[in-house]
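Have the sequence and the 3D view open side by side. Here's a quick tour, told one topic at a time.

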Amino acid sequence: MLAFAVFDDKGPHAAYPLRQAHIVGKDDVVIPGIVEMREDVPGTIACRKARDEAACLALLYDLTTTKVAATPPIADLVKSLPSGNVILQTCLLPDRDEPYLLELELARHRIMLLLNKLEEWSLADLPPDHAVMRLLDESRERFTAALVAHPPGTSGYTAEQACLARESLLLAMEAGERLARLAGDRSLL
């Protein structure tokens, strides 16, 4: 089964507002199934698929709950970050016994999309000090920090990991917005 752990600032988010959630397979085709919060494991989203294949979870995600610490490398770039509700999805994931961390997988997918668009739009040669690249680098740093923030000798995830992953996601979203504007401006020249 495909499952995701969700956290608020304190711990597992037992009352996570699951909205517009659906399961997506290869080539962005919706897979029949049920997405629901598990009652027996607080803070866990369960995806029961009709087919046994790798899939991703897509859902309406509220960006307004995330604040990003304005560290010096990006302090000038985080004054107006994306907010509101957006449909986001994870990467295609195989079933496993342990749940995935929702925000970490949403950030992984967003970073992957950003890297793909840099190539597709012939913008991979942006200088490292460009705002898009600075945001991407900071997003990847927070993503990596979320991956390694797991306390040794423990199982499961922490609220700290989820917070770092949310920050990574928000920074990647802002980088993507700026990249799309840049690509649009260049195509109009």
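Leave out residues up to four places away in sequence, and Leu57 touches Phe4, Ala21, His22, Val35, Ile45, Cys47, Leu88, Gln89, Thr90 and Leu102; contact here means heavy atoms within 4.5 Å. Keep in mind that this is a predicted model, where local features need pLDDT of at least 70, side-chain atom pairs count only at pLDDT 80 or more, and totals for chains, interfaces and linings use all residues. Residues are numbered from 1 along each chain as its sequence is written, and side-chain values use heavy atoms, with hydrogens and water left out.

**The nonpolar core**

- Leu57 also shows up in the largest nonpolar core, which has 49 residues. Such a core is a set of buried Ala, Val, Leu, Ile, Met, Phe, Trp, Tyr and Cys residues joined through side-chain atoms within 4.5 Å.
- Which residues touch the most other members of this core? They are Phe4, Ile45, Cys47, Leu57, Leu102, Leu126 and Leu169.
- The elements giving two or more residues to this core are strands S1 (2–5), S5 (44–49), S6 (56–62) and S8 (100–101), plus helices H1 (102–120), H2 (131–148) and H3 (159–187). Helices (H or I, at least four residues) and strands (E, at least two) are DSSP runs, numbered from the N terminus.
- H3 supplies the largest share of the core, 13 residues.

**The sheet**

- Strands of a sheet pair through backbone hydrogen bonds, either parallel or antiparallel.
- Here, 4 strands make an open sheet in the order S4-S5-S1-S8, and the pairing is mixed. Two strands count as paired if DSSP finds at least two bridges between them.
- S4 (33–37) and S8 are the edge strands, each pairing on one side only.
- S1 and S5 run antiparallel and are joined by 4 bridges.
- Look for Leu2, which stands opposite Cys47 in S5.

**A histidine in H1**

- Is His109 buried or exposed? His109 is buried, because its relative accessible area is 8% (buried means under 20%, exposed over 50%, partly exposed in between, with a 1.4 Å probe and protein chains only).
- His109 sits in helix H1. Its contacts are Gln89, Thr90 and Cys91, again not counting residues up to four places away in sequence.

**Salt bridges**

- Side chains of opposite charge can pair when their charged atoms come close.
- How many salt bridges does a search of the whole structure find? The search finds 11, where a salt bridge is a side-chain nitrogen of Lys or Arg within 4 Å of a carboxyl oxygen of Asp or Glu.
- Lys49 and Asp95 meet through their side chains in one of them, at 2.7 Å, N to O. Lys49 is in strand S5 and Asp95 is in the loop between S7 (85–89) and S8, so this pair ties together parts that are 46 residues apart in sequence.
- Lys49 counts as buried because its relative accessibility is 18%, while Asp95, at 31%, is partly exposed.
- Glu53 and Arg51 form a salt bridge too, at 3.3 Å, N to O. Glu53 is partly exposed at 29% relative accessibility, and Arg51 is partly exposed at 38%.
- In helix H3, Glu174 and Arg178 lie 4 residues apart, about one turn of the helix, and their side chains meet in a salt bridge of 2.7 Å, N to O.
- Glu174 is buried at 6% relative accessibility, whereas Arg178 is partly exposed at 22%.
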